[in-house]
Amino acid sequence: MNPREAADQTHQAGQAGSTRAPSTRAPRPTAAFFDLDKTIIATSSAYAFGREFVNNGLISRQEALELSLAKASYMLAGHTSEQMDSARDSLTQMVTGWSVDEIRRITTETMHTVVTPAIYAEARDLIEQHRDAGRDVIIISASASFLVEPIARELGIDHVVATELEVEDGKLTGSITRYLKGGAKADAVTGYAAAHGYDLARSYAYSDSATDIPMLATVGHPVAVNPDRALRKHALAHGWQVLTFKNPVPLIQLPNAREVGIGAGVVAGVTALSVAAYWLTQRIFKDPKGRHSA
C-alpha cells in the first residue's frame, strides 16, 4: 500500500467514524440581560421608592425636595456619567444608618402602588418571550440590589446583578462594595455568563443608556430601548436593534406637601422645579454629550 492509499483509507475511516458517532454535545444556554431604569420601568427605582421613604420618616423634607429635583433632571435629560456618580454619593450618604429590614418592608409593601404601574408593558412581553424561548432573564442594574429585588420578584425574575451596599449589624454603612456602571456592568455580564455557561454570542442585552454600550457589546444581540441620543447614534452606526417602549408613558410628578413641607416650602419647591425643568429642556437640544441611566 503506497502512502496515498494509506492516507485515503485513513480519511475514509475518519469520515465513517464521524458518521457513526455524531457529536451529541448540547448547545450552551443563552440569556437576556435587562437594564432596569428607563428600560424595564419608566422611571428610576431610587426615585420611585423615594416618596415612600419620605412617608415612613426615613427622608427629611429638605432631602425630599432635593430628591424631587434630581428626579426631574433624570426624567427630562437623563444623567451624565458624572451626574450618576454625584447621585450615587448623595444617595449613599442619605441612606447611611438605614435598617435593611425596614427598607425591604417598605419596598415590598409599596411595590404594587409605586413601581408596578411604571413597568413597561412591552418589557413584560419581551421578558415572557425570552422565557418561552428557554433563555434565562437577568436584571443588571446600577441601582442598589434592595431596590431591584422586589421589582425582579414582581416580574418573576430570579437573577439579579446590581450595585451592593455594605451592611453592618443590619444597617447600611454608606459604603459601596460593588458599583455597576459602564465597564463594571460589562465585566459583571461576562463574569455571570462564565459562571453559568451562557453563550454570549447568542444572548441578548437591553438598555436605554450610552453608559451601557460596553455591556451591550458583550452579547451577540444588543438592543437599545428608548435610547438616549448617544446610544441611538451608536446603535444605528453598528446595526443594533432599536426599540421604543411607550406603555406606560413616564411622568414627572411634582413634589407634594408632605415631601417638601406646607406653605412656602411647596411654593419654593414648585418654583425651583419649574426653573430646573426649563433649564434642562434647553440643554437637551444644546448639550452634545450623551445622557445616562441605571
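**Helix packing and parallel strand pairing in a predicted model**

The axes of helix H5 (residues 100-114) and helix H7 (residues 145-154) cross at roughly 35 degrees and come within 10 Å. The crossing of these two helices is right-handed. The structure described here is a predicted model. On the H5 side, the residues that meet H7 are Ile103, Thr107, Thr108, Met111 and His112. Their counterparts in H7 are Phe146, Leu147, Pro150, Ile151, Arg153 and Glu154.

Helix H5 also packs against helix H2 (residues 45-55). Here the angle is about 115 degrees, and the axes lie 10 Å apart. H2 passes H5 in a right-handed crossing. From H2, the contact draws on Ala48, Phe49, Glu52 and Phe53. From H5, it draws on Ile103, Ile106, Thr107, Thr110, Met111 and Val114.

Strand E6 (residues 221-225) is mostly covered. Of its five residues, four are buried. E6 pairs with strand E5 (residues 204-207) through four bridges, and the two run parallel. Within this pairing, Tyr204 has His221 of E6 as its bridge partner. E6 also pairs with strand E7 (residues 241-243). That pairing is parallel too and rests on three bridges. Val225 stands opposite Leu243 of E7. E6 therefore has a parallel partner in E5 and another in E7, since pairing requires at least two bridges.

The chain exposes about 14,700 Å². Carbon and sulfur atoms supply 53% of that area.

Technical notes. Residues numbered from 1 in each chain as written. Predicted model: local features only at pLDDT ≥ 70, side-chain atom pairs only at ≥ 80, totals over all residues. Heavy atoms only, no water. Areas by Shrake-Rupley, 256 points an atom, 1.4 Å probe, with all protein chains shown as cover. Buried < 20%, exposed > 50% of the residue type's maximum accessible area, 1.4 Å probe, protein only. Axes fitted to C-alpha atoms, helices over the stretch in contact; angles between N-to-C directions. Left-handed = near helix turned anticlockwise from the far one by under 90°. Contact = heavy atoms within 4.5 Å.
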